[in-house]
Amino acid sequence: MNDSGTKSIVDRVLQVLACVAKAGRPMGAKRIASQVGMPLSTVYRHLAVLKKWGLLQEHMTSGLFAPGATGVQLAWGFDQNSNLINQSRDEISALVERTGESVGLLVYSNEQMVCIAMEECNRSLRCSFTKGRAHSLMHGASAKSLLAFLPAELRQRLMQEQLGDSPQCLQALEKEIIEIRKNRFATSDSEVDLGVWGVSVPLISHDETLQGTITLMAPSLRVGSREAELISLTRKAGSRISNRF
């Protein structure tokens, strides 16, 4: 088999794996086939390979597929060796301790935003941001702070693909992006989770490369007069992390 054929098969297997990983919950083979645009028989062949290597597991009763034990090992290795996590961990912990609020670390990956670390405070917060979960890049402070500092061509393509049929929304987002790039932080209230306020600071290296974003989240009712303070503390933490790259 030639190299191009081999790469095509590998790409398809990884596409199936990524589909299950992004779902955040077990999936059936038919749904996977529908989402990746492959024949069901092809998907079953790829699922068999992924099961063999422990990257996916099949639930005995439901027949649904979910990440397997090897995937857990990969996640552990990522946690231990990710330079971004290692460089951010102490600042995230200090920010949580000082503010009493939850803080997450998020990155851009495959046209989505993914939470790679989350440190929660000891007070309750109903938030959809959990480690490993993917989110849209069009809504919320975290997403927009990443979107604003992606390469311009990529940013425009993503915005057109997701908001091109809504010119007003696209225009409003473009204005927000300009402000976020100017201020180097973004805020939102109830855009992703009802009643949750957030401030996000993009982590930019010395060569102006986007590394990720740090986000502080709190119930809107608890923010009140603390908003300026929370923004300031998060910006300072983000700046210290950025200076390490």
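Among contacts in the protein between residues at least 6 apart in sequence, what percentage join residues at least 24 apart? The share is 51%, where contact means heavy atoms within 4.5 Å. The model is a predicted one, in which local features need pLDDT of at least 70 and side-chain atom pairs count only at pLDDT 80 or more, while totals for chains, interfaces and linings use all residues. Residues are numbered from 1 along each chain as its sequence is written, and side-chain values use heavy atoms, with hydrogens and water left out.

The secondary structure comprises 10 helices and 8 strands, taken as DSSP runs (H or I of at least four residues for helices, E of at least two for strands) and numbered from the N terminus. The radius of gyration is 20 Å, close to the 18 Å given by the globule rule for 245 residues, so the protein is as compact as a globular protein of that length; the radius is taken over C-alpha atoms, and the rule is 2.2 Å times the number of residues to the power 0.38. Along the principal axes, the C-alpha atoms fill a box of roughly 60 × 40 × 35 Å.

Of the 245 residues, 44% count as buried, that is, under 20% relative accessible area with a 1.4 Å probe and protein chains only. S82 counts as buried because its relative accessibility is 9%, and its side chain reaches the backbone nitrogen of I85 at 3.2 Å.

Methods:
Buried < 20%, exposed > 50% of the residue type's maximum accessible area, 1.4 Å probe, protein only. Polar contact = N/O pair within 3.5 Å; in protein donor to acceptor, adjacent residues only side chain to side chain.
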